[in-house]
Amino acid sequence: MLQTLADIAAEAGAAIMEIYATEFTADVKSDASPVTEADEQGEAIILKALKENFPNVPVLAEEAAAAGDRPVLGDLFFLVDPLDGTKEFINKNGEFTVNIALIENGAPTHGVVYAPAIDAMFLGGPEGALKLSLKPGDEPDLENAETIAARTAPAEGLVAVASRSHRSPETDEFLGTLTVAELISAGSSLKLCLIAEGKADVYPRLGRTMEWDIAAGQAVLEAAGGRVEVFGEDAPLRYGKEERGYDNPYFTAWGLRA
């Protein structure tokens with residue numbers, strides 16, 4: 001499963017990088033969020049490949065959902081964000097990712113997060129959490145991946161990571177309740193991956209996100225030993241929340257418990 005998802009994400013990432021190298025334009029969706037040709041082409045590649053490999057598994061994908069295509073999901077489905085961090089893509093800072101996650105009974109059990117502009121792919125599943133150096137256009141060989149793991153926070157204080165484009169006053173207020181030694185800003189689901197590879201300890205998101213934004217990163221982080229909890233609750237973030245329109249409650253991502 002992870003190898004197949006890696007192959008699909010790599011193909012989408014290569015196509016996205018071709019557009020990244022051009023003078024592309026951005027449109028605005030009905031929810032006021034930006035969208036580019038890269039979002040649309042990346043999603044088309046992923047949806048085609050998932051249908052070929054897993055014809056009986058429904059897929060909830062960001063751009064299709066925005067167009068009103070929200071299939072009945074059931075207990076087994078894929079979540080797809082073909083270009084998480086579109087603002088980072090437009091600003092050309094490299095902090096955008098391709099995200100594919102498999103959801104089973106509400107939990108993200110397999111996930112791939114590919115950041116093609118920085119040659120990094122993160123994967124999580126029952127086998128554990130992996131990081132692979134992967135240039136756009138190359139084929140992912142998971143035999144060459146390194147195992148990554150979340151860390152226990154150092155005694156001198158936490159390394160906190162916050163959204164580069166969507167940081168809120170509530171986030172700053174919460175961080176003020178913690179002993180934070182360093183604060184890092186990052187875009188897209190890379191924030192979850194920083195915790196998964198032991199480079200950060202906490203990521204609070206006290207703002208709106210959609211399920212496809214977070215699921216793949218959560219799969220990677222949980223495979224690395226970390227967790228993503230509903231804010232203020234000792235309960236994991238779960239998926240398939242049709243009654244909410246597939247948005248998430250506020251949440252906090254953590255590394256290992258002390």
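Ala120 counts as buried because its relative accessibility is 6%, where buried means under 20% relative accessible area, exposed over 50% and partly exposed in between, with a 1.4 Å probe and protein chains only. This is a predicted model, in which local features need pLDDT of at least 70 and side-chain atom pairs count only at pLDDT 80 or more, while totals for chains, interfaces and linings use all residues. Residues are numbered from 1 along each chain as its sequence is written, and side-chain values use heavy atoms, with hydrogens and water left out.

You will find Ala120 in strand β7, residues 120–125; helices (H or I, at least four residues) and strands (E, at least two) are DSSP runs, numbered from the N terminus. Leaving aside neighbours within four places in sequence, Ala120 is in contact (heavy atoms within 4.5 Å) with Val113, Tyr114, Ala115, Lys131, Leu132 and Leu134.

Now step back to Asp119, in the loop between β6 and β7. Asp119 has a positive phi of about 60 degrees, although it is not a glycine. Most residues other than glycine have a negative phi. Asn105 also has a positive phi, near 50 degrees, and lies in the loop between β5 and β6 (107–115). Is Asn105 buried or exposed? At 62% relative accessibility, Asn105 counts as exposed.

Next comes Thr97, in strand β5 (residues 97–104). Thr97 counts as buried because its relative accessibility is 0%. Its side chain makes polar contacts with the side chains of Asn99, at 2.8 Å, and Ser189, at 2.9 Å. A polar contact is a pair of N or O atoms within 3.5 Å; within protein, one must be able to donate a hydrogen and the other to accept it, and residues adjacent in sequence count only if both atoms are side-chain atoms. Not counting residues up to four places away in sequence, Thr97 touches residues including Asp81, Val113, Tyr114, Ala115 and Leu190.

Finally, look at the helices. Helix α1 (residues 2–20) and helix α2 (residues 37–53) pack at an angle of about 155 degrees, with their axes 9 Å apart. Axes are lines fitted to C-alpha atoms, for helices over the stretch in contact, and angles run from 0 to 180 degrees between N-to-C directions. The two helices, α1 and α2, are therefore roughly antiparallel, since angles under 35 degrees count as roughly parallel, over 145 as roughly antiparallel, 65 to 115 as roughly perpendicular and the rest as oblique. Among the residues making the contact are Leu5 and Ile8 of α1 and Ile45 and Ala49 of α2.
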